[in-house]
Amino acid sequence: MNIANLKSKIKSLGAEKAATLFIAFLCFLLIIGIAVRTFGGKSSGPAGQGRRAEVNVINVEVKKIEPQTFIRTANMTGELVSRTSAVSIFPDVSGKVVEVLVSKGDTVKEGEVLLRVDPSVPGSSYKIRDVSATVGGTILTLNAYLGQKVSSSTAVAELGDPLELILRLYIPEKYLSNLKKGTEAVFTTAAWPEISYPADAFYIADTVSTDTRTVISEFNIDQPDEKLKAGMFVKAKLVTEKLDGVFTVPTAALSTYLGDTTVYTLDGNKAVRTVVTTGSSNDFETVVTSGLKAGDTVVTIGTVTDGSTVNVIN
């Protein structure tokens, strides 16, 4: 059909029918144009194929699930004290100190002379008396000096073993069910906060303080050294739960889906939502009691969902 033929038909038809026919013709042309634009531009070769959808790959960090030891701790405060009381040394006579043979911190043997006292009084014979160590140990305090007036009630020195220290903790009563002989703890001092010292309980008091609601417990220090001093304030972590051979995941790896606790495990390079049940937790990790097996790989860092494609970077 051409334009000339169309004009002749318009003349022979009524005005209303002519307008209808013309509009229909325009619609026909529009449909042809759309079809050509949509389908006519594609070829059958590879260059004519549509662009493939890009796959979104998420970088993740993972953890391989293996049995391990889980530990939960509670923060405590305490102090270092001597295992045995220091032994005080007294002269057996009154007089004036005329010679001091030791210094604070010296190690002495039982019977070793520490200082000498002149018990003489005007008009009497000059006679020196030795003051000796009654036990072996280290001189913790030395209260004697030349010319000092002393008597048989004057403690001129104290002897003890500075490395024979114990850890004394004041434990809130709510932790008594977790406390027994052998319970482990780790402590640090204000002077050396980067050094941790392990200890284990050997004594638990029979009563709870009505003022502080705490119980005294004493711990052997496994590896004491010269840095530790009696009277030091310490911060300790008391082991309140220890589980061997369990599966754990970082607590941050847990999520919730439709009311279930889940993690994302890997199947090849795909993330799989996995329902788990959990047990005890500490500050960093949580025990998984079911839903995982040894050898599973769990996503620990990275925002994924079920079916996500991942790239492991650790």
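Author: Accessible areas here come from the Shrake-Rupley method with a 1.4 Å probe, and for residues only the protein chains shown count as cover. On that basis, the protein chain has an accessible surface of about 19,600 Å², with 54% of it belonging to carbon and sulfur atoms. Please note that this is a predicted model, in which local features need pLDDT of at least 70 and side-chain atom pairs count only at pLDDT 80 or more, while totals for chains, interfaces and linings use all residues. Residues are numbered from 1 along each chain as its sequence is written, and side-chain values use heavy atoms, leaving out hydrogens and water.

The chain has two helices and 22 strands (DSSP runs numbered from the N terminus: helices are H or I with at least four residues, strands E with at least two). Of its 314 residues, 30% count as buried, meaning under 20% relative accessible area, with exposed over 50% and partly exposed in between (1.4 Å probe, protein chains only).

Now to your core. A nonpolar core is a set of buried Ala, Val, Leu, Ile, Met, Phe, Trp, Tyr and Cys residues joined through side-chain atoms within 4.5 Å. The largest one holds 23 residues, and M76, L80, L167, L169, I171, F187 and F219 touch the most other members. At least two residues each come from β2 (68-82), β11 (165-172), β12 (184-189), β13 (197-204), β14 (214-221) and β15 (233-250). β11 is the biggest giver, with four residues.

Another core lies apart from the largest one, with 16 residues, including I89, V108, V156 and A157.

P250 has E285 of β20 as its bridge partner. β20 pairs in the antiparallel sense with β19 (residues 277-281) too, over three bridges, and T277 is partnered there by S290. Three residues separate β19 from β20 in the hairpin that they form.

Terms used: Pairing = 2+ DSSP bridges.
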